[in-house]
Amino acid sequence: NLQDKLNKAFKTLKGQGRITEINVAATVKEVRRALTDADVNYKVAKDITDRIRDKALDRKVLISVEPGQLFVKIVQEELTELMGGEAQQINTKGDPAVILISGLQGSGKTTFSGKLAAHLKKQGRGVLLIADDIYRPAAIDQLKVLGEQVGVDVYSEPDNKDAVSIARNGIDHARKTGKKIVIVDTAGRLAVDEAMMQEIEAVKKAINPAETLFVVDSMTGQDAVNTAKTFNDRLNFDGVVLTKLDGDSRGGAALSIKTVVNKPIKFISTGEKMEALDVFYPDRMASRILGMGDVISLVERAQQAFDEDEAKRINAKMRKNQFDFDDFLSQLQQIKKMGNVKDLLGMIPGMGKMIKDLDIDNDSFKPIEAIISSMTPKERGRPEIIDGSRKKRIAAGSGTSITQVNNLLKQFDEMRKMMKKMNTMQASGKLNKLMK
Ligand code: GDP
Ligand code: MG
């Protein structure tokens, strides 16, 4: 399922041993494949993963203390956005407010109707359930049992075979008995058919519901998405109820349905018991899809493979504005180990600019390394003592020109200024805010 696939995608990070721009790209690609495999529309999957990649690079995942966590957080945010962002309420305006329940047979309409009645009753509303399934007598009994269980009246007309008139009569009854909300539980067929569609359309037209909900079994995968589309084309419903999420967790359905019909999921159902109803929170569903805990520990482990002690030591020096040429050299050596200089981008604040100036490949490091090697330990620690005669000595010792030495010193100075600026921002909390 989707969760397994996403977890596998994040394993790419682990396999690489360290997090770099390159394996962010690889991971993003895997995430995209996982989403398309879960029936998320290709273009949507591409858009969301492009945004994930841009955000990841933008927010300096590579230099963050816990890049893996930050990456997962970005994916989580984008999934949340894809599922609608905020939790969406149902509309309960009207006298009475009418809530129409639609969906295929077996999707969980009747069960959900009982749960919703209980949920609204708990909020202190007077609720009436209407049994509007005219095909199966057992359906009426089922709703009556649930109604009794949650303490909500059920309106039914076992001998009436006209769904529209039952619904109308039920609403009149609610008005007379002072009920503020009615929930109309309708019939479904095993598959979409024209007669069923016409019936529910007619009911909707007759009772003008404040809220039309479409109930769908999350276990039915791609079918769930197709059914949602068919119902939405005919009913233009207001929200989706995703049922049976207690089984195999199918985040794919949640992602796809929102994408295809562009209607919010409003409730999820996680069991047969009347209590097993939850308001749908996109952010929680995103965490669930990501299996958050697991993924975070996974990427944390990936981080440890990277020369963590060295990274921490240098990080601490940067923070104290003590970054010197020895640290710089150590960074260069790490970068060379990575095999591609592009990995450097963003790793050292201010370095990106320097790379741009240098038109760099791995050989471009040689003069830099030579210059640093020709410095005394004291000079590396405190480059500001490097005066004219020291420059001459360093240039001669490293086989470079004084101009090259000057350039490196100037760029290094700019780098340190940049770090200082970042530290100041961080101290004032600005950077933290940017990186959240
Ligand atoms: P309807 O035909 O759409 O009215 O569907 P029902 O409400 O009768 O539900 C069909 C079956 O699914 C019943 O056996 C329910 O107990 C079961 N069911 C409904 N919702 C859930 C759920 O969230 N989780 C599980 N595990 N079973 C559910
Ligand atoms: Mg039913």
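At what angle do H5 and helix H6 (residues 137-150) pack? The angle is about 25°, and the two axes lie 9 Å apart. This is a predicted model: local features need pLDDT of at least 70, side-chain atom pairs count only at pLDDT 80 or more, and totals for chains, interfaces and linings use all residues. Residues are numbered from 1 along each chain as its sequence is written, while chains are lettered from A and ligands numbered from 1 in the order in which they are written.

**The chain as a whole**

The protein chain has 20 helices and 8 strands. Helices (H or I, at least four residues) and strands (E, at least two) are DSSP runs, numbered from the N terminus. The protein chain holds 436 residues, and 40% of them are buried. A residue is buried if 20 or more other C-beta atoms lie within 10 Å of its own, exposed if 12 or fewer, and partly exposed in between; C-beta atoms are placed from the backbone. Of the contacts with a separation of 6 or more, 75% join residues 24 or more positions apart. Two residues are in contact if their C-beta atoms, placed from the backbone, lie within 7 Å.

**Two helix pairs**

Axes are lines fitted to C-alpha atoms, for helices over the stretch in contact, and angles run from 0 to 180 degrees between N-to-C directions.

| Pair | Axes | Angle |
|---|---|---|
| H5 and H6 | 9 Å apart | about 25° |
| H7 and H8 | within 9 Å | roughly 30° |

H5 and H6 are therefore roughly parallel. The word applies to angles under 35 degrees; over 145 is roughly antiparallel, 65 to 115 roughly perpendicular and the rest oblique. The crossing of H5 and H6 is right-handed. On the H5 side, the contact includes Thr110, Ser113 and Gly114; on the H6 side, Ala139, Gln142 and Leu143 are among the residues. By class, the contact has 6 nonpolar, 6 polar and 1 charged. Ala, Val, Leu, Ile, Met, Phe, Trp, Tyr, Cys and Pro count as nonpolar, Asp, Glu, Lys and Arg as charged, and the others, Gly among them, as polar.

H7 and H8 are also roughly parallel to each other. Their crossing is right-handed. Ala163, Val164, Ala167, Arg168 and Ile171 of H7 meet Glu199, Ala202, Val203, Ala206 and Ile207 of H8. This contact has 8 nonpolar, no polar and 2 charged residues.

**Asp153**

Asp153 lies in strand S3 (residues 153-155). Asp153 has 17 C-beta neighbours inside 10 Å, so it counts as partly exposed. Beyond four places in sequence, Asp153 touches Leu128, Leu129 and Gly147.

**Backbone exceptions**

Most residues other than glycine have a negative phi, and most peptide bonds are trans. The bond from Asp95 to Pro96 is cis, with omega near -5°. Asn262 has a positive phi, near 50°. Asn262 is exposed, with 9 other C-beta atoms within 10 Å. Asn321 has a positive phi near 55°.

How values were computed:
A crossing is left-handed if the near helix is turned anticlockwise from the far one by less than a right angle, and right-handed if clockwise.
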